[in-house]
Each structure stands twice: as structure tokens, then as C-alpha cells.
Amino acid sequence: MLRIAVPNKGSLSEPASQMLREAGYRQRRGGRELVLRDEANNVEFFFLRPRDIAVYVGSGTVDVGIAGRDLLLDSGAVAVEHRALGFAGSTFRFAAPIGTCETLDDVSGKRIATAYDGLVRHYLERKGIVATVVHLDGAVESSVQLGVADMIADVVETGTTLRAAGLEVFEEPILRSEAVLIRQDGQEPEGLATLSRRLEGVLVARQYVMMDYDCRSEVLEEAAKITPGLQSPTVSSLHEDGWLAVRAMVRQNETNQVMDSLYDLGARGILVTPILACRI
């Protein structure tokens, strides 16, 4: 069986399980199981602490796992990103007291508080910057006010918490993170291709809808430019001469604009349906 590690709590947990459900896999219901076997799909799920998943994958204890890119890089484990999963996006940045820092040069010689010391140290080494990294398990925003550090490096979403602590971000992001599927470096276990293909199908299904409409044959070429689909639209004749039925995949966030353009072109019977699963 393909052994898959899934976050057991935190912001990654429910979205990861939901994506796996959409990909056709069994998932726990009560949130208490630590191990779940899916005999029908020949996989076994292990629900683990998000910070530990990269370590388990890197050691070969499990075959693959779902983790944050930031947690993967911070772990130093012998594991690599196999594919991005499109959820749990975040930005990792430096922040310092307002008006005190502007560029990366201002980091040199400073004390940096973070819960991701492995990630920060690796970043500083790549940039050739010497600074002191202070490890804290959480709530790093208060470390500057308490005199533990001169600045922080942390996940930034809206920046509200930083501003409340008298901090502001500076310089470019250290990392743009999201949930990723990871595997052991140099290893592609049996069953990984199927899992990856299913997850890709979920990603595509979330981004697209299926659009059907009728149009006159003389405007087909222009309609096809509006709805090119992934390769080309499917076209079939209607009983009424001169009319065609067209079907194409359309990006979900462009649905209403596309419908308006088709209607203005003379298309009618424009219908949109969700895509629950696909293989591209």
C-alpha cells in the first residue's frame, strides 16, 4: 500500500482531507483515527503533526505526505516537493519596528525571532548575511517589544497582527508557501503517479466549469475564440439547420464574462455545470 501522511490538525488538515475526498479516497470522519486503510484504492493514511510529516517522509517511514512548503524547507529532511496543491497559501517575510529597516542589508548583525529557524538560517546563508536566529515556538510578534529580538521572520497574511505590535514588513518575501505533496528525495514509490494524477484532476476541476451553448454556424469560429477549451470545443449539429451545439471547459472565475460575450454574439441556451472530477 502507498503510505500517505496527512496533517492531523491546523490550517492544512481539513483542506488536505477534503482534497483527498474529492480525489476519491476515504478519509476519517470523527477526527480521532491515527491510521486509516483505504483497501479499495490500495493506500494507507497516517494522520501526523504537520511539522513532523517531512521528517517521516524523508526517513522513508511513509512514502509521501502533504505539508506546507515552509515546513518542508524548515525541517531539513531528505524530502522534496513533488507537486503544489493550490491551497493554504502564505507569505513568509521579515518584519521590524516601523521605520527601522528597509533592505536586506539591515538584517545583518541583528537578532531575528522565528518559529522557522531552519528556513531562516538557510535563507541567510544563501544571501551571505550574518545574523543571530532566535527560535521561538509561537507569538513571535511580541519578541521585539520584550527585548528578545530586533526583528522577526514569520508568516504574514493581512499584517494586522504585525501593525498591532508596532512592526512592518520590509524587503521581498523570504518564501511564498502553500500546501505541497512531498516524497523522499530520489524515490518515486509505486502508486504515486496515480495519486498525483488524481490530485491534478481535483485542481483542474476546481478551476474550470463545463459550458454548453447553441450558436449559429456562421459565428462558430468567433465563439470558439471565446471558449477555446483545453484543446478545442466539442461541436455537434442541432436538428434545426444552421445551428450547432458547443461544449467547452471555461475557467470558473471567467464564467459570467464569457456568458455575456457569447450572448452578445447570438449564442443561446448557455448552461454552466460544475466539474466534479477529471483527468487531463
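Visitor: So, does Leu 162 count as buried or exposed?
Guide: Leu 162 has 7% relative accessibility, so it counts as buried, where buried means under 20% relative accessible area, exposed over 50%, and partly exposed in between (1.4 Å probe, protein chains only). Please keep in mind that this is a predicted model, where local features need pLDDT of at least 70 and side-chain atom pairs count only at pLDDT 80 or more, while totals for chains, interfaces and linings use all residues. Residues are numbered from 1 along each chain as its sequence is written, and side-chain values use heavy atoms, leaving out hydrogens and water.

Visitor: Where is the place of Leu 162, and what does it touch?
Guide: Leu 162 belongs to helix H5, which covers residues 160-164; helices (H or I, at least four residues) and strands (E, at least two) are DSSP runs numbered from the N terminus. Leaving aside residues up to four places away in sequence, Leu 162 touches Ala 95, Glu 141, Ile 152, Val 156, Leu 167 and Val 169, with contact meaning heavy atoms within 4.5 Å.

Visitor: And what separates the C-alpha atoms of Leu 162 and Ile 53?
Guide: Those C-alpha atoms are separated by 29 Å, and along the chain Leu 162 and Ile 53 are 109 residues apart.

Visitor: Let's switch to sheets. What order do the strands have in the open sheet of four?
Guide: The order is E13-E14-E12-E15, and the pairing is antiparallel; two strands pair if DSSP finds at least two bridges between them. Strand E13 (234-237) and strand E15 (268-274) are the edge strands, each pairing on one side only. From one strand to the next, the twist averages 20°, with axes fitted as lines to C-alpha atoms, for helices over the stretch in contact, and angles running from 0 to 180 degrees between N-to-C directions.

Visitor: How many bridges does E12 have to E15, and how many to E14?
Guide: Strand E12 (residues 208-216) is joined to E15 by five bridges and to E14 by nine, again in the antiparallel sense. On the E15 side, Val 209 has Pro 274 as its bridge partner and Met 211 has Val 272, whereas Arg 216 has Trp 243 as its bridge partner in E14.

Visitor: Why is E12 largely enclosed?
Guide: Seven of its nine residues are buried, so E12 is largely enclosed by the rest of the structure.

Visitor: Last topic: which residues lie nearest the centre of the largest pocket?
Guide: They are Ser 11, Pro 50, Asp 70, Leu 71 and Tyr 116, out of 26 lining residues. Helix H3 (69-75) and strand E9 (151-156) each supply at least two residues of that lining.

Key. On a 1 Å grid over the protein atoms alone, a cavity is a set of points where a 1.4 Å probe fits but cannot get out, and a pocket is an open set with protein on both sides within 12 Å along at least five of seven lines; lining residues have an atom within 4 Å of a point.
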